[in-house]
Amino acid sequence: MRFSQSVSARLEGGVLVVAIDNPPVNALSAHVRSGLLAALDHAAGTTDITGMVISGTGRTFIGGADIKEFGQPMVEPTLPQVVERIEAFEKPVVCAVDGAALGGGCEVALACHGRIAGENATFGLPEVKLGIVPGAGGTQRLPRLIGPIAAIDLIGTGRMVKAGEAVALGLADTVAADPLAAAVAAVNAGQPLRRTGSIDVPVADPAAIDAAGAKVFAKSRGQLAPSEAVRLVKAAGQLDLEQGLAEERATFLRLRDSEESAALRHIFFAERAAGKVEKLAEVSPRRIETVGIVGTGLMGSGIAVSALTSGYRVIALEQTQEAAAAGHARIAGLLDKAVQSGRLTAEAREACLARLGTTAEATDLAAADLVVEAVFDDFSVKTELFRRLDDIVAPGTILATNTSYLDPDAIAAATADPSRVVGLHFFSPANVMRLTEVVDCAKTAPDVLASALAFVKRLGKLPIVCGVTEGFIGNRIFYAYRREAEFMLEDGALPHEIDAALEAYGFPMGIFAVNDMAGLEIAWARRKRLAETRDPAERYVEIADRLCEAGRLGRKTGLGWYAYPSGERTIDPAVTAVIEAARAAKNITPRAFTAQEILDRLLKAMVDEGTALLADGIAARPGDIDLVMINGYGFPAHKGGPMFAAEPDR
């Protein structure tokens, strides 16, 4: 029987087994909500139906609300109405969660009288990642099941939990190999009407509750939704269910219409679009099973770990056997840290090491389907390597350069077949950072680009396709706004004032603190390389050069834009003196800057460069630029990225 275009059901004895089929993620669209209510009405009015099971087709139970309905007129039945009807239903309702129960899907599960998890089930309330809070009882029902401390963690961070943890917390009743059959059996066995909303919130130590909230605040600086989520979870222990639900719904509606939510929804849709390239619509990627990595330093070892944990076989090449052994130890150490942090099991670590080979023999790379070079960023080093690989690897092997600033077209031109060369600009540490710029070179074959995209996605990373330009998307914009920041130094601002303005806006670190972290010598080498071709009429700030010449290379030397006498960042009068001397040499009379003026100038520099990247066809979409700046350079996600923030008519 069918209750709507996306909700159908069948009878198994006296149990009405309801299936939601709304691909790709069974979102709670209006027709799903109306179908669920119709199914409940049918079950209520049919005397020989003893109870109901709710399930989802495909690999998802319910993936959450239909985000496309945000900003549209509300269509009844609303999700709170559906959830409240399930909880109050006079016959047992059990959900069979085989796959993801997220957002509204988790709230539906919370309203059921029993929750059976499949082995691949995940539960979560990730609404804060869209700048909102759960709006159908999540903040009020979850703490009743798992306690306020665990609920603050899950709702305040948007963290998802797998089946085993869900059972341990009390969110799910049990894990079953066949959750649908187990749910039907539970109804037939007389599943009690355990209504979550009728349970008292477990008593917890107020200090522990506050500490859990403080952890959320520390991770979400500048964002409103996580703090509101914490407030609502605390309210669940102070208000009755009806009052708590009313407060939650009012907060949800207020946040849904906020700038923060609009920005985070922009990022959500930008991520969906990222990696989609129109010319690749009918192109199939090549098969990649073995990945060669040349260089096992910080970058190469991080790439190796990402590939190993994604199931690839890895062959890592170094110059000597001693270096190869050191590289193996470095990679194993990163895997050990992943085990210690709980991101990897000990068994998975052993499986990764079994797929890892380190060698000093370049001919061993003959087995690779893809070779990623992670060697010193020097043109002659990279081109010589690729020429050697021409004679070693198979004709169908893809060659990827990880250069940050060099011209990948020129690197490709040095090979026998430029069509198999692509850029893969990973961000360090590569086993942690999610962003990867996938550089579509002038002669990159379509299936090579498609293969690179598929590879990056399998690594669990966010691929952003871009064209060839110095610094690609991210470093080109970073260079532009760093240059603007240095102009402001000459004009009258100080490093700590600029950094304070950026950090107040939501950046985890200001630009000068970031430079100190990365090391000032990297940009210094680039400036020296470009010195001969620099336009003498172009404004150039020499302050950073003077610091580097004095040996102030950042945190690694204890001195950079700041001093680090005990590891902590402190303002250094010696830097102020260098800045003042540079102003005097150019006869610049310094002036004071407000934090807003600093932000306006830096944001304008980012947007101007982003606009140029779009005009030149280097970036395909404004959202791609926003994703690069958020995931690679610390731009606050809840501001939506520089291109979004600059839109005049939002």
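Just after helix α23, Asn587 takes a positive phi of about 55 degrees. Helices here are DSSP runs of H or I with at least four residues, strands are runs of E with at least two, and both are numbered from the N terminus. The model is a predicted one, in which local features need pLDDT of at least 70 and side-chain atom pairs count only at pLDDT 80 or more, while totals for chains, interfaces and linings use all residues. Residues are numbered from 1 along each chain as its sequence is written, and side-chain values use heavy atoms, with hydrogens and water left out.

At the N-terminal end, Asp572 caps α23, with a side-chain oxygen 2.9 Å from the backbone nitrogen of Ala574.

Which residues of α23 are buried? They are Val575, Thr576, Ile579, Ala582 and Arg583, where buried means under 20% relative accessible area, exposed over 50% and partly exposed in between, with a 1.4 Å probe and protein chains only. Seen down the helix axis, these buried residues fall within an arc of 120 degrees, so they line one face of α23; the arc is that of the directions from the axis to the C-beta atoms. An α-helix has 3.6 residues a turn, so residues three or four places apart point the same way. The buried residues pack against α18 (474-491), α19 (495-505) and α22 (543-549), whereas the face turned away from them carries the exposed Pro573, Ala584 and Ala585.

Elsewhere, Arg141 is found in helix α4 (residues 138-146) and is buried, with a relative accessible area of 2%. Leaving aside neighbours within four places in sequence, Arg141 is in contact (heavy atoms within 4.5 Å) with several residues, including Glu84, Glu87 and Leu245.

Turning to the rings, those of Phe, Tyr and Trp (its six-membered ring) pair if their centres lie within 6.5 Å; planes under 30 degrees apart count as stacked, over 60 as edge-to-face and the rest as tilted. By this rule the count comes to nine aromatic pairs. One of them joins Phe427 and Tyr633 edge-to-face, 5.6 Å centre to centre and with 85 degrees between the planes. This pair links distant parts of the chain, 206 residues apart, and both residues are buried.

How values were computed
A polar contact is a pair of N or O atoms within 3.5 Å; within protein, one must be able to donate a hydrogen and the other to accept it, and residues adjacent in sequence count only if both atoms are side-chain atoms.
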